[in-house]
Amino acid sequence: MTSLGLDSYVVIDSFFGVPYIDEDEQRNEPVEHRYIHGGFEGTSTRFALCYPPAERWRGRLFQPLEGANAGHENVNTGPLGQVTGGLEMIFRMGGFAVESNMGHIGDVMDPKAGPDPTIYGYRAAAESARFAKFVAAQIYGAPTAYAYVYGGSGGARRSPLCLAYAPDVWDAALPYMGDAQDGDYGDLRLLRNGTPNFSSMFNVQRVLGDRIHDVVDAMWPGGSGDPFAGLNTHQREELANVYRIGYPRGDESFIAQPMGQMWLWSSMATRLQADYPQYWENFWTKPGHVGFDQPELVRDDLIELDTTVKRVLYAKDLLEDPTLQTAELGQVRALASLFAAMNNMWHIPMAVQLDEVPDGYILGAGIELTSGAAAGRKLYVLNGHRDVLLVDSDGEAANLRFTGVEPGDRVRVDNHAFLAYCYYYRHHLLPWEPEYDFLRVDGEPLYQQYELPEMSPFMGVKHTGRIEGKLLWVHHTHDSSLWPPQGLGFKANIEREYGVELAHTKFRLRWTENAEHVPPNMAASAPGRANTTYLVNYQPIIEQSLVDLVDWVENGIEPVDTQYDYRDGAIVLPATAKERRGIQPVVSVTANGGARAEVAVGEAVTLSAHAETPPGAGTIVGLQWDFDGQGAFPRTENLDGSQAEVTVTTTHTYDAPGTYFATALVESHRDGDISATSRRIPNLASARVIVR
């Protein structure tokens, strides 16, 4: 390997000390590369740099940003990185990879930086990228020609900041599944406000209980289309509210079994109660709040339990212990695996089994250790069932979880704060968000308002609409973590800064249909139906969009955006590929000519799938059928990749009564390559078959 000299590197940002390297080795997994790990003296900033063999490098830098709060520099090189393309994708595109912990280790602030959001928002990433270019010049003997930064979720919040505030480092950014509210932009020193929409989502789950499954059924293909049928007045009001705020229609199964949304609450719950105490007290003690005026709406869900620890659990225990492999713990296992992989926490006890079962609504409940070595530590329930609870928190508590906790240690489980959070959205209206106008009359709020809390500095820098370079924003229509309206704000902000015509030279917005916040294999399925029959893996769309971003920057080829309408908190996409544009195929499926068919056992049903690609998006290269909703996709149609529009018809018979969702999974490819292993752009559609 080329010997590296660091003495001539000049730090641009004076916050950072001189760089150091503590690992430099050749690796073959997951793909051949030179791995360099290090940091900057006097700071918590760490970086991991991965350089492909010289013959694979084409002068580019790609910098993936971690989601959530960040705090780790080896996500992209680990298993989670492979889910979103990882090193192989970056090397395919002729780049080397830069990853930073964004200036902090886990959820603990850099002692030198303190709460400075600019360090965590973009400055640590920028200095890491500058140093990576310096190293690349020594390894390859040539300068880096172009640099791209991208990321999902929290990484999508930070990547536009990188492009805006460090224009000397990157040429373009690709945020996907981000949030940038219209009007929530400005002074980079100001933290963003905490978002209240999840509180509405959790309240719907709480007040509907098992009736949420009727809502799911109504909104799935061939359903009634009326999600309010059979609900009482309060249930109807809360469901209508979550739709008005922007919850994606058709994704209600993730209200029934939420994923990582609870993380936002757990990551700020202790700070919210300490720094903004008035609301949490008034909710239970003052008129104008549900907890005081209508206690019957929350009384049955209250938990106040003092009990003891039976055992602490690691993610591996949840995945392998035979006593924990129940269907009810499926979401606990999925989330434990996700967070352990994302945060490298396989060695940290993330869950607990209690000696008593809390009686009440357990999600979001606080768990305070009241004896033992961890006494005083406060944690919050991400997910759980009966006596098994998966937790998270903020700061050092988030890093430790149940470290140091022993069987017999006492704990207090209390959910007063979270039940107040369920109505938080009423009392913390975002003034720039039209989605919340239904809670105002003549511009005045219906409910008493409280100071809008600031988010953590790890994620909290406000956006700006003024950027250099290019930005391609990708958002999902079925994301229950970052809802469709949250994908609109950056477009509004940049058009406000530059005007529509000039903004179009800098910004494009693409929509992905039928994609959630994580790929299907990282989320639990709805009862009786595999999630691969209603969700797609969005990684190929991100990769194709990165390729298009490169073409935009380097060759002047403008990327195609997606046409859409926005009304009543919902994104509505045109029905045809020609009208919709973008890069994703448009798919429809019928059973006996309709969205729903009723047949007898053994009676053949005719299934038809129609798929078409938008202009310039290539051709259809794959079509698979799943007939029973189990996600096996046993039938593959024989396509030659020459057609941009196909209609395929088949018949199927069912040998048992039941409700089935016949699904066609379609893939397109820009070059019509039926043998391609990457950039196969997916979409799907289903029809309901009732077998009597």
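Reply: Let me begin with a term for what touches what: contact means heavy atoms within 4.5 Å. Axes are lines fitted to C-alpha atoms, for helices over the stretch in contact, and angles run from 0 to 180 degrees between N-to-C directions. Helices (H or I, at least four residues) and strands (E, at least two) are DSSP runs, numbered from the N terminus. With those terms, helix α13 (residues 330–343) lies across β11 and β12, and runs at about 130° to β11.

Me: And what kind of model is it, and how are residues counted?

Reply: This is a predicted model, in which local features need pLDDT of at least 70 and side-chain atom pairs count only at pLDDT 80 or more, while totals for chains, interfaces and linings use all residues. Residues are numbered from 1 along each chain as its sequence is written, and side-chain values use heavy atoms, with hydrogens and water left out.

Me: How do β11 and β12 pair?

Reply: Strand β11 (residues 378–385) pairs with strand β12 (residues 388–392) in the antiparallel sense over five bridges, where pairing requires that DSSP finds at least two bridges between two strands. Asparagine 383 has leucine 390, in β12, as its bridge partner. Helix α9 (residues 261–275) also packs on the sheet, where it touches β11 and β12, and its direction makes about 150° with that of β11.

Me: Which closed barrel do the strands make?

Reply: It is a closed barrel of six strands in the order β8-β9-β12-β11-β10-β13, with antiparallel pairing. From one strand to the next, the twist averages 45°.

Me: Changing topic, why is strand β22 called largely enclosed?

Reply: Strand β22 (residues 605–612) is largely enclosed by the rest of the structure because six of its eight residues are buried; buried means under 20% relative accessible area, exposed over 50%, and partly exposed in between, with a 1.4 Å probe and protein chains only.

Me: Which strands join β22?

Reply: Strand β20 (residues 586–591) is joined to β22 by six bridges, and the two run antiparallel; here valine 586 stands opposite glutamate 612. Eight bridges join β22 to strand β25 (residues 645–652), again in an antiparallel arrangement, with glutamate 612 opposite glutamate 645.

Me: Where is arginine 580, and what does it touch?

Reply: Arginine 580 is in helix α20 (residues 577–580) and is buried, with a relative accessible area of 8%. Leaving aside residues up to four places away in sequence, its contacts include Glu513, Asp561, Val586 and Asn683.

Me: How many disulfides are there?

Reply: The structure holds zero disulfides, a disulfide being a pair of cysteine sulfur atoms within 2.5 Å. The sulfur of cysteine 162 is 18 Å from the closest cysteine sulfur, in cysteine 50, which is too far for a bond. Cysteine 50 is buried at 1% relative accessible area, and cysteine 162 is buried at 0%.

Me: How many aromatic pairs are there?

Reply: A search of the whole structure finds 41 aromatic pairs. Rings of Phe, Tyr and Trp (its six-membered ring) pair if their centres lie within 6.5 Å, and planes under 30 degrees apart count as stacked, over 60 as edge-to-face and the rest as tilted. Tyrosine 421 and tyrosine 424 have ring centres 5.3 Å apart and planes at 50°, so the pair is tilted. Tyrosine 654 and tyrosine 660 form a stacked pair, with 4.4 Å from centre to centre and 25° between the planes.
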